[in-house]
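Q: Please take a close look at the contact between the chains. Describe the elements that take part in it, and then the parts of each chain that surround them.

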Amino acid sequence: MNNLLEPQAVRSETVAQDLGLEIIVAAPQGTLISSGFTSDLLSDAMANAQEGCAFLTIQAHKNTVAVATLTGASAIFVCSSRTVPEDMIQSCKDEGIGLYRSTENQFILSGKLYQLLYTPNASVPS
Amino acid sequence: MIELMYRMKVWDVMTRELRVGSRTSTLAELQGIMRDNNISGIPIAEGGRLYGIISMDDIIRCLQQGAMGDSAADRMTKNVISLEDDMPLSFAISTMEKHRFGRFPVLNKHGELVGILTSRDILVHLLIAMNKEMALLESSLNPQPTSEAGGVLIREYTTRKFDFENAGKASTEIKKILVDRGIGSKIARKVAVASYELEMNQVCHSLGGTLSFKLTEETAEIVAQDLGPGIEDLESALIEGWSTANEWVRSLGFGAGMGLPNTKRVSDEFSISGGPSGTRVVTSFRLRAEPSV
């Protein structure tokens, strides 16, 4: 049974592993991911992303890191294998934001993350 | 970059430590000098007067012909294209482009050989100069930590049109200041949202501007003042989804018409004014929760 009310916070390492993410910049040890936010509009994320979330997007550039920092997102998940520029990687290191990449698109990756966060002890289908 | 090439002169970048040969030097001697100094060409000059140049190509040709004992005078390129030391670098670059030689002797205004210029010299010095410019630019973008007196902190940040590289720096720093001050993350975030949106608005839509941040014990205030061209329809600009952003700004994830509505929504006080010479947005935030009644 899915518990739709409260997501559980999951360690970033676990999320990365379960979702099969490529680790580009690992989030600082002990970082928890407690929700997800999927959008390619940075203003939308700025307004609505929650603190501690994973920010799922195809906007692979430095400005995304600024949005993640300002909203207090725990990590950025770049979808659809988008190329990640070097300055974005450096920015994530400087700001202590995890940077991960997936071959999946935003829809599939959101689904997997949702399942992981909202289903206690769920295993994510691969 | 272009400006740098005009500002810099040949003498700023040329190599002054010269290895020269004389007209009577043999090709074998010259090849030795080139090898020992790791250079690929050598001017032939005596007493400051330039007679010609011997390049690696000349050496190879002589090697093939078994003529390494020939003197420089017989083998050198006599019709040498030289540069003057006070020429702007841009001129030197177009000369190099036109003649496609690897190196150019540099003469002073008395016609004396004073240096040699290779494309590598130009590249290295341009990169160094660009780095310096960038550092200068960055330090000018950094806030001047002005008055902290009386518990009031004031910071000013500059934005430039389409400078997405530095966009967000002001907001990131403002948020850090607030968090360091122990202001709750909810309020810090509201201020950060507003400053980010205002910052991005200036970068995406204006000719550049400034973001002034003022922090007192009770309030945080951000004043965004840009240099124009002004918002044609101020009322519409406050409607979510209304946007004048161009395609490539949108492709970066901006220009969704949420900036000003977002800013207004998070601010405790919000006002916008201005005309073609610039738009001014004033937002302020109460840092303490209202006393319960």
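**The contact between chains A and B**

A: Chain B contributes 19 residues to the contact and chain A contributes 16; two residues are in contact if their C-beta atoms, placed from the backbone, lie within 7 Å. On the side of chain B that touches chain A, the elements giving two or more residues are α8 (169-180), α9 (185-205) and α12 (259-266) of chain B. Helices (H or I, at least four residues) and strands (E, at least two) are DSSP runs, numbered from the N terminus. α9(B) gives the most to this side of chain B, namely 6 residues. By class, the side of chain B that touches chain A holds 9 nonpolar, 7 polar and 3 charged residues. Here Ala, Val, Leu, Ile, Met, Phe, Trp, Tyr, Cys and Pro count as nonpolar, Asp, Glu, Lys and Arg as charged, and the others, Gly among them, as polar.

This is a predicted model, in which local features need pLDDT of at least 70 and side-chain atom pairs count only at pLDDT 80 or more, whereas totals for chains, interfaces and linings use all residues. Residues are numbered from 1 along each chain as its sequence is written, and chains are lettered from A and ligands numbered from 1 in the order in which they are written.

Which residues meet where α3(A) faces α9(B)? Ala66(A), Leu70(A) and Thr71(A) of α3(A) meet Arg189(B), Ala192(B), Val193(B) and Tyr196(B) of α9(B). By class, this contact of α3(A) with α9(B) has 5 nonpolar, 1 polar and 1 charged residues. The axis of helix α3 (residues 62-71) of chain A comes within 9 Å of that of α9(B), and the two cross at roughly 155 degrees. α3(A) is therefore roughly antiparallel to α9(B). Axes are lines fitted to C-alpha atoms, for helices over the stretch in contact, and angles run from 0 to 180 degrees between N-to-C directions; angles under 35 degrees count as roughly parallel, over 145 as roughly antiparallel, 65 to 115 as roughly perpendicular and the rest as oblique.

β9(B) and strand β10 (residues 278-286) of chain B are joined in the antiparallel sense by 7 bridges, and Glu269(B) stands opposite Ser284(B) in β10(B).

Strand β4 (residues 35-38) of chain A has a covered face formed by Gly36(A) and Thr38(A), and an uncovered face formed by Ser35(A) and Phe37(A). β4(A) runs parallel to strand β5 (residues 53-57) of chain A, and 4 bridges join them; Thr38(A) has Leu56(A) as its bridge partner in β5(A). Between β4(A) and β5(A), the chain passes through helix α2 (residues 42-48) of chain A in a right-handed β-α-β crossover. A crossover is right-handed if, with the strands pointing away from the viewer, the path from the first strand over the helix to the second runs clockwise.

Strand β6 (residues 75-78) of chain A pairs with β7(A) in the parallel sense over 4 bridges, and Ala75(A) has Gly98(A) as its partner in β7(A). The β-α-β crossover from β6(A) through helix α4 (residues 86-95) of chain A to β7(A) is also right-handed. Ser80(A) lies in the loop between β6 and α4 of chain A, and its phi is near 55 degrees, a positive value in a residue other than glycine.

Key. Two strands pair if DSSP finds at least two bridges between them. A residue is buried if 20 or more other C-beta atoms lie within 10 Å of its own, exposed if 12 or fewer, and partly exposed in between; C-beta atoms are placed from the backbone.
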